[in-house]
Amino acid sequence: MAKRSAIENNKRKVKLVKAYAGRRARLKAIANDKSLSIEEQFEARLKLAQLPRNSAQIRVRNRCEISGRPRAFYRKLKMSRIALRELGSRGLVPGLVKSSW
C-alpha cells in the first residue's frame, strides 16, 4: 500500500487538472497559433505560466485504484500487476486465469 499522503496529493492534482483543463487548452491553442502576432502568443504563454504547476496533466501519476502502487500499472484496468494477480486468483476478474504448472 502506498503512503496515504502520496495518494491524496495525486487526487488533488487530478482535481486541479480537471478544473484548469479548458483554460489551459485555450491558452495553448493561442500560444501555438502561428497566424497570431508574436506579442499575442507571448501573452498567452505568460498567462499559461501563471497557472498552477499541478494543473498540468503531465504531473498526474498513474496509480493503482486498489493499492495506490505507482509502478507496474496497467492503464486498461487501472490497477497494478500485484492487485490484478490477487483479484485474478480469487476469480474476480472475468476471463483471467492464473497459470500454474
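This is a predicted model: local features need pLDDT of at least 70, side-chain atom pairs count only at pLDDT 80 or more; totals for chains, interfaces and linings use all residues.
Residues are numbered from 1 along each chain as its sequence is written, and side-chain values use heavy atoms, with hydrogens and water left out.

**Stop one: a pair in α1.** K11 makes a salt bridge with E8, with 3.8 Å between the closest N and O atoms (the rule: a side-chain nitrogen of Lys or Arg within 4 Å of a carboxyl oxygen of Asp or Glu). Both residues sit in helix α1, three residues apart, about one turn of the helix. Helices here are DSSP runs of H or I, at least four residues, and strands are runs of E, at least two, numbered from the N terminus. K11 is partly exposed too, at 47%.

Of its 20 lining residues, N10, K11, V14, R63 and E65 are the closest to the centre. A pocket, on a 1 Å grid over the protein atoms alone, is an open set of points where a 1.4 Å probe fits, with protein on both sides within 12 Å along at least five of seven lines; lining residues have an atom within 4 Å of a point. Now colour helix α1 (residues 4-32): seven of the lining residues come from there, the largest share.

**Stop three: the other salt bridge.** Two salt bridges are counted in total, so jump to R90 and E86, whose side chains meet at 3.2 Å, N to O. This pair lies in helix α3 (residues 81-90), four residues apart, about one turn of the helix. R90 is exposed at 55%, while E86 is partly exposed at 45%.

**Last stop: A72.** Select A72 in the loop between α2 (38-50) and β1 (73-74). A72 is partly exposed, at 34% relative accessibility. Which residues is A72 in contact with, leaving aside its neighbours within four places in sequence? Show M79, S80 and R81; contact means heavy atoms within 4.5 Å. Finally, draw a distance from A72 to N62, ten residues apart along the chain: their C-alpha atoms are separated by 9.7 Å.

Terms used:
Buried means under 20% relative accessible area, exposed over 50%, partly exposed in between (1.4 Å probe, protein chains only).
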